[in-house]
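Hi,

Here is the structure I promised to pass on. Have a look, and my notes follow below.

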Amino acid sequence: MFKDFKIGKLRFESFLHSLGPDVYKQRIVGIMFIVLASFLVLLGRLFYLQVLQGQNYFKLSEVNSIRLEDVAPTRGLILDRHGELLVDNRPAFEVSIVLKEARSLMQTIEEMAQYLDTSPDEIMDKVKAKRGRQQYNPVLLKQDVDRNAVGAIEAHIYDLPGIHVNVRPTRHYVQKSLAAHLIGYLSEISQTELASEKYRGYRAGDFIGKVGIEKQFEPYLKGTRGGRQVEVNAVGQVVRVLKTVPAEPGHNIYLTIDASLQRVAESLLEGKAGAVLAMVPQTGEVLALASSPSYDSNVFVCGMTHECWQGLTANPFRPLENKAVDAVYPPASVYKIVTAMAGLGEGIIDENLTVTCTGGYPFGNRTFRCWKKWGHGKVDVYRAIAESCDVYFYEVGQQLGVDRLAWYASACGLGTPTGIELDSEAKGLVPTAAWKKRRTGESWQGGETLAIAIGQGYNLVTPLQTLVMTAAVANGGNLLKPLVVKEIKSAEEKVLFQSKPTQVGRLPASDSILDVIRKGLFKVVNERKGTAHIAHIDGIEVSGKTGTAQVVSRKGNQQAMDEDGRPLHLKAHAWFVAYAPSKSPEIAVTVIIEHGEHGSSAAAPIAREVIRHYLAPSEVLPVSDEENGSPGQGEQRTLH
């Protein structure tokens with residue numbers, strides 16, 4: 001066999017030799033060229049990867065092993081005027097997913113739905129909403145996760161690549177619903193807000209103030225975010241921290257409100273719809289701003305269920321509305337302060353002029369009724385204010401006309417935002433003849449002026465506007481901007497801002513006219529026939545004015561009907577404005593009770609206890625159901 005192999009080899013070499021030396025050499029060169037070309041291609045690819053694209057691939061490699069994480073700042077605290085803590089921060093667990101690290105997205109989502117006690121669809125919606133972001137940025141799945149769920153996730157963390165559990169400071173409203181409408185709440189920033197210049201520097205998943213102090217003072221409260229550079233392993237777990245830039249905490253805000261007085265105000269509103277406000281007449285500092293019904297601000301931070309949201313928005317008493325600032329009502333007999341001021345200022349009346357009230361005021365083809373159907377007899381301006389005689393103010397209003405009344409009302413701050421540092425303050429309405437012509441195309445009627453003169457008709461004011469006006473009567477005529485923030489301090493207790501009284505106008509009345517009005521308001525509370533004698537406090541002189549605002553009008557000579565069987569939404573609103581002590585006022589108060597019917601019985605007792613608590617806290621008495629349910633002394637109803 002070996003012999004045969006040698007013979008074959010000789011024949012092959014003979015064959016090659018017959019082809020000639022050039023063909024053999026060409027074959028060798030070709031093979032060498034192919035080998036060389038292959039090496040050149042390989043070398044070129046290496047050059048492209050290592051030199052041309054080396055920096056890009058280096059960055060991608062670093063992203064896989066080195067991650068930048070946010071360090072959330074601690075939001076500033078909110079405290080009352082005495083330093084009582086109202087809003088704090090607490091540590092809370094949050095669970096997020098880094099999509100680039102997740103192995104099987106659907107499988108991971110299904111497992112997480114079990115741990116987080118939610119549906120896979122809900123988690124998928126959150127993932128889809130953030131799909132436009134870089135795949136290595138975390139997507140928040142749930143915040144404020146309870147410890148049991150966190151324990152279960154941590155126990156299976158190596159089977160859940162891409163899932164991360166972090167601890168983040170979360171807003172905590174210590175007093176729950178206390179001053180909720182003033183303080184506001186936080187919620188996750190929306191896509192629209194992210195696109196706004198106002199929120200430059202914010203990121204998806206950040207929580208911002210949505211209403212109230214939390215919103216208006218967001219730049220002070222938010223703090224400055226920090227960050228840290230960490231090394232992670234193949235499943236995204238932190239191996240070590242490479243570098244940290246600490247976050248800077250937000251500034252602390254001290255409100256003007258007195259938390260103790262706020263609690264009293266809210267307790268007196270329990271079970272009612274309405275508002276209670278209190279202010280220091282000399283400075284404009286708001287001592288209490290309560291709106292009822294209220295809500296627990298924590299539900300917005302912790303994640304609100306659909307059922308909870310429906311319960312808030314479908315409630316006919318509108319718990320999300322700040323009734324002290326955002327709601328408008330006819331001012332009713334509280335407006336008689338304006339009518340008296342205008343009558344005195346224009347010389348139509350003086351302190352000696354009397355009008356005879358027989359229970360009605362004939363005008364045109366109808367009679368406008370006084371609340372006291374048998375009449376007040378002969379009344380001067382003091383008695384007209386004290387007993388809230390409608391006929392007296394019908395006469396004054398008829399002589400003044402709607403436009404002069406409107407000028408005085410506007411000069412008293414009605415129908416104009418007060419400038420309080422809260423969002424969505426309502427404007428209200430001070431009607432004029434020209435306004436009606438523009439609005440309806442119809443001319444103003446004389447009978448409408450009579451309604452305006454006693455605070456009905458088209459008149460609309462906010463409770464805050466009446467408080468500012470009442471405080472101005474108390475302090476000598478200065479209309480002050482309501483202040484809700486007393487001072488702002490850094491975390492190191494450095495004072496960054498202190499509020500100062502700001503005068504925004506002056507009542508259109510001389511000192512002598514204000515003196516007449518103040519005497520009348522004193523008689524409202526301190527004389528037996530005064531409509532708010534129920535608000536009298538032994539040892540504390542209180543001055544005030546009641547009001548009962550009709551929700552529906554009554555035409556012609558129609559008398560007041562028994563309303564026991566009428567729906568609640570058709571019953572009148574109850575007003576009371578007051579200040580005390582009468583000679584050296586330290587507090588001004590406004591109370592509005594929706595559908596409370598009588599200012600004397602529904603609103604005045606509440607104001608009495610607010611004043612008593614502030615000036616003599618050891619003597620506060622509960623407001624009895626009998627007081628709220630009885631007509632009370634004096635004013636029963638304003639009819640027109």
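Tyr 579 has Ala 588 in E23 as its bridge partner. This is a predicted model, where local features need pLDDT of at least 70 and side-chain atom pairs count only at pLDDT 80 or more, while totals for chains, interfaces and linings use all residues. Residues are numbered from 1 along each chain as its sequence is written, and side-chain values use heavy atoms, with hydrogens and water left out.

Strands E22 (residues 573–580) and E23 (residues 587–593) run antiparallel and share seven bridges. (Strands are DSSP runs of at least two residues, helices are H or I runs of at least four, both numbered from the N terminus; strands pair if DSSP finds at least two bridges between them.)

Zooming out, there is an open sheet of five strands, ordered E12-E11-E23-E22-E21 with antiparallel pairing. E12 (286–292) and E21 (543–549) are the edge strands, each pairing on one side only. From one strand to the next, the twist averages 5 degrees.

What lies across E11 (274–279), E12 and E23? That's helix H11 (residues 259–269), at about 25 degrees to E12. (Axes are lines fitted to C-alpha atoms, for helices over the stretch in contact; angles run from 0 to 180 degrees between N-to-C directions. Contact means heavy atoms within 4.5 Å.) Helix H22 (residues 599–615) also packs on the sheet, touching E11, E12, E21, E22 and E23, with its direction at about 150 degrees to that of E23.

Elsewhere, Ile 31 sits in helix H2 (residues 21–52). Ile 31 counts as exposed because its relative accessibility is 52% (exposed is over 50%, buried under 20%, partly exposed in between, with a 1.4 Å probe and protein chains only).

Cheers
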